[in-house]
Structure formats: structure tokens, C-alpha cells
Amino acid sequence: MSDHVVPVKLYIGIFVALLCLTALTTGVAYIDLGAFNTVAALAIAVVKMLLVVLFFMHVKYSGRLIQVFILAGVLFLAILVTFTLADELTRHWSPTPTGWGMIVPLLSRFF
Amino acid sequence: MSTATIDVHEAPAGSHVNYLNAKYGVKSWLLTTDHKRIALLYLVSITLMFFVGGFFAVLMRLHLIEPQGALVQPETYNKLFTMHGVIMVFFFLVPSIPATLGNFLVPMMIGARDLAFPRLNLLSWYIYVIGACFTLYAVISGGVDTGWTFYTPYSSSFSHTSVIPTALGVFITGFSSILTGLNFVVTIHKMRAPGLTWFRLPLFIWAIYATSIIFILGTPVIAITLFLLGLERLLHIGIFDPAIGGDPILFQHLFWFYSHPAVYIMILPGMGVMSELVTCFSRKKIFGYSFVAFSSLSIAIISFLVWGHHMFVTGQSIYAGLIFSVLSFMVAIPSAVKVFNWTATLYKGSISYDAPMLYALGFIGLFTMGGLTGLFLASLATDVHLNGTYFIVAHFHYIMVGGAVMAYLGGIHFWWPKITGRLYPDGWARFAALVIFVGFNLTFFPQFMLGYLGMPRRFAVYPAEFQVLNVMSSAGASILGIGYLIPLIYLTWSMRYGPAAGPNPWGAKGLEWTTPSPPPTENFEEIPVVTEDAYDYAHSTVTRG
Amino acid sequence: MIGSLQFGWNFLCFAAMQAPQLRPEAASSIAEGVDHLYFALTFITLFFTFVIFSTILFFMVKYRRRAENERPPDTGEHLGLELAWTIIPTLICAGLFVWASSLYFENSRPPSASTEIFVIGKQWMWHIQHPEGVREINELHVPLGVPVKLTMTSEDVIHDFYIPAFRVKKDVLPGRYTSLWFQATKIGTYHLFCAQYCGADHAEMLGWVYVMSPADYEAWLAGGSTSQSMQQAGEAIFNKLGCASCHLSDGTGRGPSLVGIYGKQETLKSGDKRLVDEAFIRQAIVNPNSVALQKYPAIMPTFQGQVNEEQVLQLVAYVKSLASEERKTDAK
Amino acid sequence: MTVHSAHPPGFAHQFEDMQQQREAGSLGMWVFLLTEIMFFGGLFAGYIIYRALYLPAFEIGSHLLEVQFGALNTAVLILSSLTMALAIHSAQVGKRRAQVWFLITTMILGAAFLAIKFTFEWHHDYVEHLVPGFGFIIRPEWGAAGQHVPMFFCFYFFMTGLHAIHMIIGIGLLTVLTVMAHRGRFAPEYYAPLEVSGLYWHFVDIIWIFLFPLLYLIGGRYIGGGH
């Protein structure tokens with residue numbers, strides 16, 4: 001909690017921005033951007049989340065500790081998703097040639 | 001370990017007003033918000049659960065004396081090991097040290113009057129009790145036979161037992177863990193006494209902090225997983241259902257995302273207790289304070305990256321297996337660092353052989369064995385052979401029983417005079433430590449051999465060639481069972497008849513020893529100001545008394 | 001120096017292997033390798049346990065409290081020691097990781113010329129079918145010295161196929177294929193266990209593996225009563241379901257020709273390349289949309305529910321036989 | 001025992017001063033929200049994985065949802081977040097009547113969200129046989145991807161259902177707060193319950209901000225999108 005009093009005008013401004021972004025994300029879905037439809041939808045959602053977190057939830061004005069805690073939450077969620085996906089999406093890879101020769105094709109998949 | 005209610009009328013002669021005699025009556029206990037009284041409520045309830053779970057274990061070991069099974073039907077045996085696992089893991093080991101010793105000690109060690117949210121703390125206990133009731137209801141209504149791991153699709157579609165009440169019990173109890181962890185994190189961050197910086201904190205606090213992080217980040221995932229399991233069982237459709245393309249392995253991912261870090265929920269507080277015991281009974285500052293402190297944090301974080309080593313043979317991607325394997329080796333290193341630092345702390349110390357110290361030494365030995373045998377399971381090639389056999393059973397009992405329970409008993413013996421204001425018979429306590437150590441090794445060492453020979457776990461009957469080792473293990477279990485009953489008896493006895501304890505019977509450092517035993521309701525007459533590092537025995541004149 | 005270490009190590013391994021009742025029978029080509037790693041790990045465990053125990057006991061005696069008012073001086077911190085006991089275990093772990101992982105990868109890769117046997121797990125028995133059509137329950141007959149690859153699936157819950165003497169184990173999952181392989185090196189009879197808890201009679205879901213000389217194995221196969229091979233059974237299902245109306249063998253049909261498709265890399269709609277193996281063919285039958293090929297319309301319906309796991313396996317065997325026929329043609 | 005000479009309203013004995021108590025309360029709520037992230041996280045992880053595996057089925061499922069209701073509900077929730085923020089603002093500057101009215105508006109908006117969700121969307125899905133476990137019918141026009149469409153709807157109902165449960169809890173909290181505000185319990189010096197409940201309400205809003213594109217918009221809404 002902070003003693004910082006956010007002016008009403010700023011709240012209204014954030015609210016209008018959030019409404020516009022909602023309209024934008026819905027509108028973009030009707031335009032064919034290929035794979036970028038998903039990227040755009042998620043990017044807009046992240047921007048909206050940041051607006052709510054920073055201003056409505058006052059994180060912009062609160063201490064470092066709370067910011068670290070929020071980042072930790074996002075990081076551990078990312079760990080859960082990444083490692084599970086690492087299994088699900090590489091299951092059909094068959095074992096590559098023996099010994100340390102395996103490392104080369106393994107690395108080449110990532111770079 | 002206490003089962004009887006604390007008899008406050010028999011408080012030591014000449015005693016002061018303390019948290020035990022400040023108020024009387026059942027209501028003053030059930031509606032208390034005092035962290036010390038809540039710790040005792042937990043102590044009573046988890047002790048009860050420990051002996052329920054232990055009873056199932058004894059039945060299992062008796063059954064396995066004969067290859068064809070000496071006691072029960074296979075269906076019953078399957079329920080025994082499931083209920084043993086569920087009760088011991090979720091209702092004893094997870095809350096054991098954090099909810100009892102942690103609750104009692106965190107505010108005292110950091111010089112606070114109570115936890116940040118005392119009513120939330122009481123709520124945690126009630127949630128725990130409600131969860132335990134659901135699980136005990138499941139036992140009475142016929143038991144559950146899925147294994148404590150609840151693997152789908154067996155648990156969701158095939159088992160005919162009380163899966164939902166059990167899962168609901170575990171789900172509810174999870175919120176007790178979450179709220180306890182939340183309370184500790186906020187308290188440790190915001191309520192330390194003046195001058196008590198992070199690097200002056202007792203290492204027990206570091207360990208509890210690391211544990212709380214796992215409570216907060218891991219427990220919600222098991223909660224949602226069991227919630228989804230319950231829905232799938234009710235609706236006969238859900239996200240793990242192979243019929244609509246669901247992947248049963250996904251359940252295992254979500255399950256172990258919590259349940260592997262949960263192993264560290266059990267052992268990290270034990271490691272914290274260990275740092276307190278080793279320093280006190282060798283009168284030395286801990287060797288390498290910052291290494292021990294940061295190893296707790298790194299264990300907590302890395303523990304979230306290794307869950308896939310439970311799944312090396314499940315048809316998980318072998319490339320994911322590779323990553324999980326290397327990370328599993330990494331998590332061994334901070335644990336090794338701790339063991340080396342405890343050993344080095346003894347160097348040139350003044351070592352006494354009091355009962356808590358014997359438990360501590362037992363811990364170091366058994367935990368070393370348990371930790372090193374973990375390397376067999378982090379190694380992909382050997383894990384293929386050992387996974388799902390008795391080797392696993394032996395390994396995690398060395399960590400959870402040899403490690404966590406030894407530390408828990410060591411901690412209980414160490415702080416018992418502070419908690420109750422009474423001393424227990426030291427000779428009996430040392431004898432019990434020895435019996436438990438011997439019984440434990442006799443029970444679980446043969447299981448390593450059984451596992452390597454290829455006997456799978458969760459077998460109600462087994463080929464005759466495994467009988468010799470099984471009989472040894474069962475014999476050890478009966479010694480171990482007696483070993484656990486001895487402290488129950490003399491600790492309960494000491495609550496009424498034990499000699500009164502002074503404020504600091506061990507000559508220990510730490511804020512909790514500066515207040516009377518038992519402490520007053522608000523812990524300290526005046527909030528202390530801290531001016532020195534933890535465990536500064538060399539420059540102190542504190543003596544036993 | 002290294003020679004004597006090597007000798008000492010061999011001696012230790014030899015001694016451990018001779019100890020009665022402590023080492024399970026080793027009857028496959030990978031068992032020795034796994035056991036050597038196991039012994040190394042055992043040695044490391046015993047060594048460190050001994051070091052820590054003896055140090056603690058030594059300190060306990062040497063520095064025991066002699067007077068109640070003793071105040072031992074501070075021994076301070078020692079960065080060198082801290083680094084040493086962080087880095088040395090890290091190096092040992094790194095070495096073990098490399099050893100264990102490369103061994104595991106080697107053990108996971110079946111030789112290309114393996115005999116294939118199909119396994120279906122169900123509560124609480126193992127159904128096994130040889131490509132020649134011979135079926136057995138809770139028994140597995142295999143020839144000595146020939147690599148055998150098992151393709152496995154489950155009809156209900158998760159099981160686990162475990163032969164301790166071969167040091168092989170793999171979960172058997174519903175809705176998916178998993179596989180393992182071994183090459184038996186010793187004639188005999190060995191335990192087969194289910195190592196994943198699967199319900200009431202989990203402990204009774206066991207059987208025996210019979211390793212026979214190749215000649216005996218042939219004789220055993222010939223003695224088995226069987227009407228048709230798996231491939232023939234698969235062909236019959238293939239025709240009954242009308243698969244051939246799209247999958248024309250000359251490649252002009254609405255679906256890809258299946259001749260020679262097994263073992264090829266194919267490009268999916270997503271652009272991913274996938275090896276066509278048993279798991280792929282199974283997926284193409286029960287969930288065709290997920291592996292639709294780039295060059296063909298995704299119009300194939302699912303056959304889930306129309307064929308059981310055994311029939312899917314027979315179809316897989318048939319599709320694979322189409323591949324080998326093409327190779328035969330190539331050879332000509 | 002320290003004697004606290006002056007007790008500000010709402011002060012708890014275990015704390016040293018009001019400042020410490022406020023910081024503890026706020027940190028406590030944030031830690032709780034951290035657990036909420038992981039609670040929803042299990043579902044999000046499952047969603048991401050199955051979406052990667054069964055993209056066509058997820059797009060078919062998504063197109064069966066009515067995007068106008070999703071967008072409308074997003075706007076309703078954002079507005080309720082605004083009124084919640086304004087309620088706290090009123091407490092900060094000491095306007096009691098405005099506080100009560102903003103809280104009541106927030107509750108009404110929350111209830112409106114649930115009403116739209118249950119009556120227009122869930123009920124409609126039930127009539128259309130799109131609820132897994134309650135007479136779900138796989139339609140032939142979905143083609144080969146059809147067998148995995150129930151998976152999408154499992155996620156749709158589990159995620160929106162869990163979100164709705166959080167909304168209901170939030171409305172319960174708001175009821176208590178409204179009564180407290182009406183009795184004049186909050187002042188510029190003490191409005192901690194309002195502040196931490198506000199954090200919770202905004203968090204529930206954020207969850208919806210992600211659910212809306214994930215469930216309603218994936219794969220695009222344009223003609224032929226996702227096919």
C-alpha cells in the first residue's frame with residue numbers, strides 16, 4: 001500500500017486506454033495476419049495487464065519488493081509451461097547417434 | 001510429541017504468567033490467535049496423523065513377511081500403502097516442522113510478538129483439520145487405492161475407491177500450507193526486530209523462508225491438479241482423458257511440479273533445525289553462514305526445475321529427460337555444501353552429547369546416504385533399472401524419515417523445555433535416538449538391495465527369492481515403531497512430572513532463549529534490539545540455566 | 001598408474017559381481033554397462049559416507065566438551081574450502097551426468113535390424129504377439145543374441161514393462177506407443193514385472209521371459225498355433241475398412257501411398273518434419289488430423305473406436321511390411 | 001508487554017506501528033495473488049500445451065463462442081476495476097458517500113458480468129450441446145478435428161468457471177466492505193481492507209484480460225480464419 005493518491009483523471013485515462021485496447025484486440029481478430037493474430041492478441045493483453053498492475057494496483061508507486069514478487073510469479077509460471085512443453089513437443093524425436101555425437105544435432109535444434 | 005492436553009495447573013513452581021497459564025479452558029485454546037498455542041494445536045494433530053500413518057506402515061511390513069502376503073488381501077494392501085503415503089506426506093511431513101516449530105519459533109527468533117496475521121494462522125489450522133477429516137473419512141468409508149501419486153487414468157476412471165474425498169482432503173490442506181507460507185514470508189520480511197538484518201538471522205529462519213517460497217509457488221499447482229482430477233472423475237470427461245486426446249503424462253507433470261519441491265518442503269526446515277543444533281552443541285558459529293543460507297534459497301529455486309526425473313521411464317521425451325537429469329545433479333550440490341559446512345562447524349568446537357545432538361548426528365549420516373543415493377536416480381541409465389522399485393522407496397525414506405523426521409525429533413527435543421517449561425529424561429531420549437537410528441537402518445537399508453535386485457514397489461505379493469531381505473526390513477520396522485513410541489511416552493510424562501526448565505537449559509544463543517520458559521503471551525517483555533551476528537558463541541557468556 | 005587404477009576397478013567390479021544375492025542376473029547386452037555405472041555410484045556413496053562419518057566421529061571425540069564453561073575460539077570462514085567443496089562435487093556430478101546420459105542414449109537407440117514384438121498391457125495381464133502371428137499371455141519367448149524391439153500400448157491404465165535381468169523398463173501408456181529394446185545374452189528364464197501401480201492385482205501382473213537359442217526359438221514359433229501372421233491380419237483389416245480406396249499404391253489417390261512410407265521423413269501441414277515410425281502410423285489411424293501431410297488434404301476420418309489396439313498393431317505391421325516389399329523391389 | 005498508548009482504528013497488537021501493519025497487509029495480499037497466478041497457471045499450462053497439439057480443434061471451438069459477449073464482458077470488468085480504484089481514491093481523500101456508491105457500482109458490474117456469462121453464454125452452450133459431460137455432441141461439419149473439440153470446451157468451462165468462482169468471492173468481499181464503509185470504518189489513515197480487496201478485484205480482472213483473447217480470439221475471426 002502506498003500513500004500515493006493517484007489523480008482521478010489518470011484513472012479515467014487508463015480506463016479509456018483499456019477500452020480502446022479491448023476494441024483493438026477484437027478488431028484485429030477480424031483481420032488475417034497469419035501467425036501474428038496470436039502474437040497481437042497476447043501483446044495487447046500484456047499491455048492491458050501492465051496498465052492495470054501499474055496504475056490500478058499502484059505497483060508503479062510501491063516498493064521494489066512487491067515488484068520482485070510479481071516477477072517471481074511470472075517466472076515460475078514460465079518454468080512450469082516451458083519445461084512441460086519441452087517434453088510434450090520433443091517426444092517424437094528419436095534418439096540420435098551415440099555418445100557425444102548426440103550433442104551436435106541436439107544443439108542445432110535450438111540455434 | 002504430545003497427545004494429552006497440556007496440564008497447565010501443574011506449571012513449575014514459582015512460575016510467571018506465560019502463554020500456557022494466561023488463560024484456561026478449551027475455548028481459550030480453540031479460539032487462540034497466539035502463535036505458540038497454535039503451534040501446540042498443530043503438534044497434537046500432526047502427532048495423531050503420524051501414528052495413524054505409522055500404523056498403516058506397520059501393517060504393510062507385517063503383511064510383507066510372507067511372499068504370498070501374511071495379513072490382508074491385495075486390495076487392502078493397496079489401500080494401506082496409499083493411505084500411508086497420503087497421510088504421511090500431506091498431513092505429517094509437509095506441516096511437521098514448519099507448522100509446529102516454525103509457528104512457535106519464527107516470531108520468537110526474529111523478535112516479534114506474533115506472526116503478521118494471527119487469525120489467518122488459526123484459520124490455517126482449522127483448514128488443516130477439515131482436510132484431515134475428509135481424508136480420515138475416506139479411510140473409514142473404505143479407503144483409497146490409487147497410490148499417493150493419484151496417477152491418471154487409474155485414479156480418474158478405473159479406481160472404485162474414495163478418490164474424491166481423499167483428493168478433496170489434500171486440496172483443502174493445501175490452502176493451510178499456502179496460508180502458513182504467506183504468513184511466514186510477510187512476517188520475516190516485515191517484522192524483524194531492530195538491528196536484525198537478513199545476515200544476522202538464524203539459519204532456521206532462512207530455511208523456513210525458503211520453504212515458504214515453495215509453499216506459495218508450488219501448492220497452488222497441486223491444488224488445481226487435484227481439482228481437475230476430481231472434476232474428471234465426476235464428469236467422466238476432462239483434460240487428462242485419453243479419449244478426447246488428453247495426455248495422462250500431463251497430470252504427472254503438474255503433479256510433480258509441486259510434489260518434487262514438496263520433498264524440499266520436508267527437508268529444508270530439517271536442515272534449518274540442523275544448523276541450530278550443530279552450532280549450539282558445539283558452541284561454534286556456523287561455518288560459512290552465507291553459503292548455508294544461500295544454499296537454502298538455491299535448493300528452493302532449483303527444486304522447481306527437476307520434477308521430470310520422476311518420469312524418466314514414462315515415455316517422457318528423452319531430451320526433456322536429459323535437461324531434468326542435469327538439473328537434478330545440480331540440486332545435489334547445495335545439499336552437499338550444507339553437510340560439509342555442518343561437519344566443519346564441529347572443528348575445534350566444544351561438543352556435548354545431549355539428546356538433540358544425537359538426533360542431529362543421526363540426521364547428517366542418514367541424509368548423506370539419502371542424498372547420495374539420489375545420484376543413482378538422477379543418472380538416466382541407472383534410473384531406468386531402479387525407477388519404480390524398492391530402491392526409490394529406500395531413497396526417499398532415507399531423506400524423509402532419516403532426514404526430516406530425525407530433524408523434527410531433534411528440534412522437538414531441543415525446544416521442548418522452551419515450549420513446555422519442563423525437562424525430559426535425557427537418558428531415555430538418548431536411548432530412543434539410538435533405537436530409532438538402528439531400527440531405521442535395518443528397515444530401509446535392505447530395501448536398497450531389494451530395489452537393485454528388481455523388486456518393484458507397491459507389490460502386495462512378491463517372488464520368494466526376495467523374502468530374506470523383506471523379513472529383515474520388517475524386523476527393523478518393528479524396532480523403529482518402538483523407537484517412535486518411547487519419546488511419545490517420556491515427553492508426555494515430562495509435561496506433568498519433568499523438572500522445571502530455566503530460560504536457557506542448553507546455553508544456546510538466539511532470541512528465543514532470552515525469554516522465560518515457557519514464554520509470556522507476547523514473547524518478549526520488550527522488543528529486543530539485535531547487535532550481533534547469529535551463533536556468536538565465542539564472544540558470549542551465556543551459560544546453561 | 002592408470003593401468004593399476006583400471007585393474008583395481010575391474011577387481012572391484014568383479015568382486016561385486018561375485019557377491020551372492022546382491023546383484024541381479026545380468027542377461028542382456030546393456031546390463032554390464034548399467035551395472036558398471038551402478039558400482040561407480042555405490043563406490044562414491046560409500047566413500048563420501050565414510051569420509052563424513054569418520055570426520056564427524058573424529059571431531060566428536062577430539063573436541064568433546066571437557067568443561068562446562070568452555071568457550072572455543074572462532075575458526076572463521078574459509079572461502080577456499082567452500083569453493084573446493086562446491087566445485088569438486090560439481091565436477092563429479094558433471095562426470096556422472098555425461099557418463100549416465102551417453103549410456104542412456106546408447107541404450108535407448110534400437111539397432112536398425114531388430115526383431116519386432118508387440119505388447120498390449122491390460123489389467124492385469126500382458127498380451128504379446130509375434131510378427132508371425134503367434135500370441136502368448138504373460139510369457140515372452142525371445143531368441144538369444146538377436147536385438148528385439150518391443151512396441152507397447154495399454155488398453156486401460158498406465159502399466160510398466162520391466163525385465164530386471166535385462167535392466168530395461170518402460171511405461172506402457174493408453175493411447176500411445178512406447179518402445180524398448182534389448183538383446184538377450186544368456187539362455188534362461190527371467191522375471192517380467194509390471195513396475196507401475198495399476199490396480200488391485202498389480203503385483204500379480206507378472207510373467208516370464210524365456211531366452212532360447214535361435215534354433216529353439218524358430219521351433220517354438222513353428223509349434224505355435226496360428227492362422228495368420230500379424231501382417232496378413234493387418235491386410236485383411238486394411239481391405240475391410242476400405243483404406244485402399246484413398247491410399248492407392250501408385251500415389252495417385254486422395255491420400256499418400258503407403259508403400260515405402262515407413263522409416264521416411266515426411267513434412268506435416270505445420271512444416272514440421274516427422275519420422276514415420278510405429279507411433280506415427282498409430283497416430284495417423286486414431287488421430288489423422290494431427291499428422292496430416294503437407295501435400296494432401298486433411299480429409300481422413302478417425303478410426304478410433306472402429307479398431308481395437310490389437311488391430312491397430314496389426315495395421316501397423318501391415319504398413320511396415322509394405323515398406324520392406326519396396327526395399328525388396330529396389331534390391332532387385 | 002509494550003503498552004500502546006494510542007490505538008489508531010484497526011490497529012493490531014502484534015505490530016510496532018501503523019506503517020508496519022499496512023506494509024504487511026499489502027505484501028500479504030500480493031503473496032496471495034502470487035499463489036493465485038500459480039493456481040490459474042496449472043490450467044494455463046494445460047491450455048498452451050493442448051492448443052499446440054490440437055490447434056484446429058481449438059480454433060473450431062473458439063469460433064463457436066460469441067465474441068460480442070466476451071468483448072462486452074471485458075468492458076464491464078474494466079469499468080468495475082475503475083470504480084473499485086475510485087472507491088479507494090474516495091477513501092484516500094475521505095469521501096464516505098462516494099466510497100459507498102463506488103463500491104455498490106462495482107458489485108453491480110460484477111453481478112452484470114456473471115449474469116451475461118451465465119444466461120447468454122453458458123446457457124446457450126448447454127442448449128447447443130457444447131458442455132462436455134452434459135450431452136456434448138460432436139458435429140460432423142467439424143471433420144477430423146472434431147474429436148478434440150470437447151478438450152477446448154473443457155478448458156473453456158474450467159477456466160471461466162474458476163474465474164466466476166473468484167468473481168463471486170470478490171462480490172462477497174465487496175458486500176462486507178460496503179457495510180464497513182457505510183459505518184464509516186475507513187478514513188484517510190486507515191483503509192487497508194479496501195486497498196487489499198481492491199488488489200484482489202483487479203487481479204480477477206487481469207485473469208479475464210488474458211482469458212478473453214485466449215478463448216474467444218485465437219486463430220482469428222476473419223472469414224476462413226483458422227481453417
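Chain C comprises seven helices and 12 strands. The radius of gyration of this chain is 27 Å, well over the 20 Å that the globule rule gives for 332 residues, so chain C is more spread out than a compact globule. Along the principal axes, the C-alpha atoms of chain C occupy a box of roughly 95 × 50 × 45 Å. Of its 332 residues, 38% count as buried. When contacts in chain C with a separation of 6 or more are considered, 66% of them are made by residues 24 or more positions apart.

The mean pLDDT of the chain is 85, with 90% of its residues reaching 70 or more. Within chain C, the highest confidence is found in β6(C), at 95, whereas helix α1 (residues 2-18) has the lowest, at a mean of 55. Over residues 328-332 of chain C, pLDDT stays under 50, and for this segment the model has zero contacts beyond four places in sequence. Where pLDDT is low, the predicted coordinates should not be read in detail.

The contact between chains C and B involves 71 residues of chain C and 70 residues of chain B. On the side of chain C that touches chain B, at least two residues each are supplied by the helices α2 (31-62) and α3 (79-108) and by the strands β6 (159-163), β7 (168-172) and β9 (188-194). The most is given by α3(C), with 15 residues. Sorted by class, this side of chain C has 38 nonpolar, 17 polar and 16 charged residues. Strand β6(C), which is among the elements supplying this side, is also where confidence in chain C is highest.

In chain B, helix α7 (residues 163-190) was examined for its length and its burial. At 1.5 Å a residue, the 28 residues of this helix should span 40 Å, and because its end C-alpha atoms are 41 Å apart, the model agrees with that expectation. The helix α7(B) is also mostly covered, with 25 of its 28 residues buried.

For chain A, the domain assignment gives domain 1 (1-62) and domain 2 (63-94). The centres of domain 1 and domain 2 of chain A, taken over C-alpha atoms, are separated by 23 Å.

How values were computed: Residues are numbered from 1 along each chain as its sequence is written. Chains are lettered from A and ligands numbered from 1 in the order in which they are written. This is a predicted model: local features need pLDDT of at least 70, side-chain atom pairs count only at pLDDT 80 or more; totals for chains, interfaces and linings use all residues. Two residues are in contact if their C-beta atoms, placed from the backbone, lie within 7 Å. Helices (H or I, at least four residues) and strands (E, at least two) are DSSP runs, numbered from the N terminus. Ala, Val, Leu, Ile, Met, Phe, Trp, Tyr, Cys and Pro count as nonpolar, Asp, Glu, Lys and Arg as charged, and the others, Gly among them, as polar. Domain bounds come from an automatic or database domain assignment. The expected span of a helix is 1.5 Å times one less than its number of residues. A residue is buried if 20 or more other C-beta atoms lie within 10 Å of its own, exposed if 12 or fewer, and partly exposed in between; C-beta atoms are placed from the backbone. The radius of gyration is taken over C-alpha atoms; the globule rule is 2.2 Å times the number of residues to the power 0.38. pLDDT is the predictor's confidence in each residue, from 0 to 100.
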